[in-house]
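Dear colleague,

Please find below the sequence and the coordinates that I promised to pass on. My notes on selected helices follow them.

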Amino acid sequence: MPTTAAAAAREILVRLHEVMAARSGAQAKLNGVVNIIGEALDSEVCSVYLLREGVLELFATRGLDERAVHVTKLALGEGLVGTIAKNVETLNLDEAAAHPDFAYRPETGEDRFHSFAGVPIIRRERAVGVLAVQHVDPRRYADVEIEALQTVAMVLSELIANADLIDEAGPGAARPQATGPGRIDGFKLVDGMAAGAAVFHQPRVVIDHVVAEDVEAERHRVYAAFDKMRDQIERMASQADFGVGGEHDEVLETYKMFAYDEGWARRINEAIDSGLTAEAAIERVQQRTRMRMREISDPLLADRMHDLEDLSNRLLRIVAGQLGTAAQMGLRQDTILIARNLGPAELLEYDRRRLKGVILEEGSLTAHVTIVARAMGVPVLGRVRDVKRLIAEGDRILLDAGAETVVVRPSIAMEEVFEAKMAVGQRRRAAFAAQKGEPPITRDGTRVTLMVNAGLRDDVAALDLTGADGIGLFRTEFQFLVSATLPARERQQRLYRDVLDAAGDRPVIFRTVDIGGDKALPYLDHDEDHLEENPAMGWRALRLALDREGLMKAQARALLEAGAGRTLNVMFPMVSEPWEFDQAVALFEAQRRWLGERSRKLPNDVRYGAMLEVPALAEVLDLLLPRLDFLSIGTNDLTQFLFAADRAHPKLALRYDWLSVSILRFLRRVVVPVQAAGKPVAVCGEMGGRPLEAMALIGLGIERLSITPAAVGPVKAMVRSLDLRQLRADMAAMLDAPTGPIRPQLEAWAAKNGVELS
């Protein structure tokens, strides 16, 4: 097998060209294809499954029982082949039977084969078949072999389409477009309400010709397209105007770095070398990007890959000469834009006077497009399913990102309810804004500290907008996750200094980087031979930072120098045992001495805190508290560890209540010794940002909350309506002798005592 993907694919394509040029039928050609691929990849089995009448049918094989051809059929999602087609993803397994979706078909005689690799055969954005290889010995196929398979699958797509071997209309394609009012659910990315006409961004370019006739001509087409794309990016970046500074500026700079990335351009050139057209080469590399995205379970890192997806789409449109998007054609009225996903540059092309909201089939809270949309003040709803089936171009749309819903083709009554809610929302925001200068003091005189969570330079502006007391959690890893390369110490220092300057006299608590496990950064070396099954509980956060001292030393120096002349608050994530905290503090203090010996300006004081996210830390707090300056409880991770429930799992995410007796009793057990030691304790998690949950936390004795900026107004209103003495007495009784679920009891208590929870 050749050592590069281009050479491997080129060798296979040369032999495939001879097969496809022969005057034989499609079945004979497919039989020849599986033999060529099996020999080239030294695999005993190579099989082609094609989508016919809604099921995947074995069409050709080398190594399986020939009698299974046209007999073995799998539904979409059934077995490994069905999973590949349904998810449009690549699988590479050293032990096929160990995969949860493995389905044994005895007629194929595949029981003696262990390793399995399969790639989808894609036509018009959907899988129309699967190309799979198998081997007797357990082994993972090399990257060059997988890439060669993906290249061959592109060629097969053209072959089988021309031979009319596949269903051109996919499952559900014939379903009629709905015409009456409808409601669709989604996930809030950027809060807000908006109304307008539905406009689709742009369908993907359809690639009809895969095999190149003149490789050099294709290469020149790509070079010209890169030049044109980079000019477009430079022009948009220079025209973007959000005011002075901001994380969106860094987003655009990162986006430009991707556009000029030589590695990306080199991979496309290598794909052309293998014999593909310019369009097919771009799509080939894009498929590899999507494969990597599916392997990244952390959404922050996946979002970085979306920028490459956006750039690939832009480059593909330029090469294909299909440049028209809804942005280029111009928006003629108030618009709700609809897309599978968007890159920041694509969003910036739209007329902000007309663009009122965005609906995405994908998307996440930390995607670059979300950051830019937040800066533009455009509400965004993500993870909206079936938009192409349920929404037609021009449909009237009512978007309520806060309620996580979209109303399509609303009735007059729906319009009236929507407009009334918008008016109420405007009045509530005005009331919260008028209250921002008022302190969060309970009716019986207890001052509660309300701080905000942040991770982007822009987030600091929320201090003035909300009247918050400071930043209780600054997630320093965000800078690492939106960067194409490891941020230099000077760049880190500049960000930290800017945040401290903007905060002024208000405190900022910097959490050291929480990366590793499922947040493995692609530009850091990591051991690919030891992939973690449970990355949230793996080699991450402080564990990784202590192992990679160079990374943590650079961050320590950046923080210490940025905090010169001030009080610096540093917090370590995922502390499990006291010695981890001691080792982290020792590392910071060593850097502090090093800087002092060189006469660098230093902080007036450094306060060190720990995050309690791992339940084990609660059992050794008595050992840790004497050298701890403050403690923050991270309720997001803590909850999943307490209940052994992945909060990202759709079946478990909403199963365990933050107001359960278990959690509230655990938190009380933590708060009592910390307060007895005279140390501040805070909660920095989503739990504290919900008025009812925040009320419960305050009832437990937690008087410091770090929450999202949008939650400050509602939580402050709750605090100012609260009789804390009565709450604490009644909550103690609820927890000492629980008579049922706590949530309804707290809701009833709030209603009876006039606590504002809206």
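In this predicted model, helix α27 (residues 742–752) has Ile742, Leu746, Trp749 and Ala750 as its buried residues. Viewed along the axis of α27, these buried residues lie within an arc of 100 degrees, so they line one face of the helix.

What do the buried residues of α27 pack against? Their partners are α23 (661–676), α24 and α26. After α27 comes Gly754, which has a positive phi, near 70 degrees.

Two of these partners also meet each other. The axes of α24 (residues 691–699) and α26 (residues 724–736) come within 9 Å, crossing at roughly 85 degrees; the two helices are therefore roughly perpendicular to each other. On the α24 side the contact involves Met695, Ala696, Ile698 and Gly699, and on the α26 side Leu724, Leu727, Arg728 and Met731.

A separate point concerns Arg374, which belongs to helix α12 (residues 368–376). With a relative accessible area of 37%, Arg374 is partly exposed. The C-alpha atoms of Arg374 and Leu189 are 8.8 Å apart, although 185 residues separate the two along the chain.

With kind regards

Technical notes: Residues are numbered from 1 along each chain as its sequence is written. This is a predicted model: local features need pLDDT of at least 70, side-chain atom pairs count only at pLDDT 80 or more; totals for chains, interfaces and linings use all residues. Side-chain values use heavy atoms; hydrogens and water are left out. Helices (H or I, at least four residues) and strands (E, at least two) are DSSP runs, numbered from the N terminus. Buried means under 20% relative accessible area, exposed over 50%, partly exposed in between (1.4 Å probe, protein chains only). Axes are lines fitted to C-alpha atoms, for helices over the stretch in contact, and angles run from 0 to 180 degrees between N-to-C directions. Angles under 35 degrees count as roughly parallel, over 145 as roughly antiparallel, 65 to 115 as roughly perpendicular and the rest as oblique. Contact means heavy atoms within 4.5 Å. The arc is that of the directions from the helix axis to the C-beta atoms.
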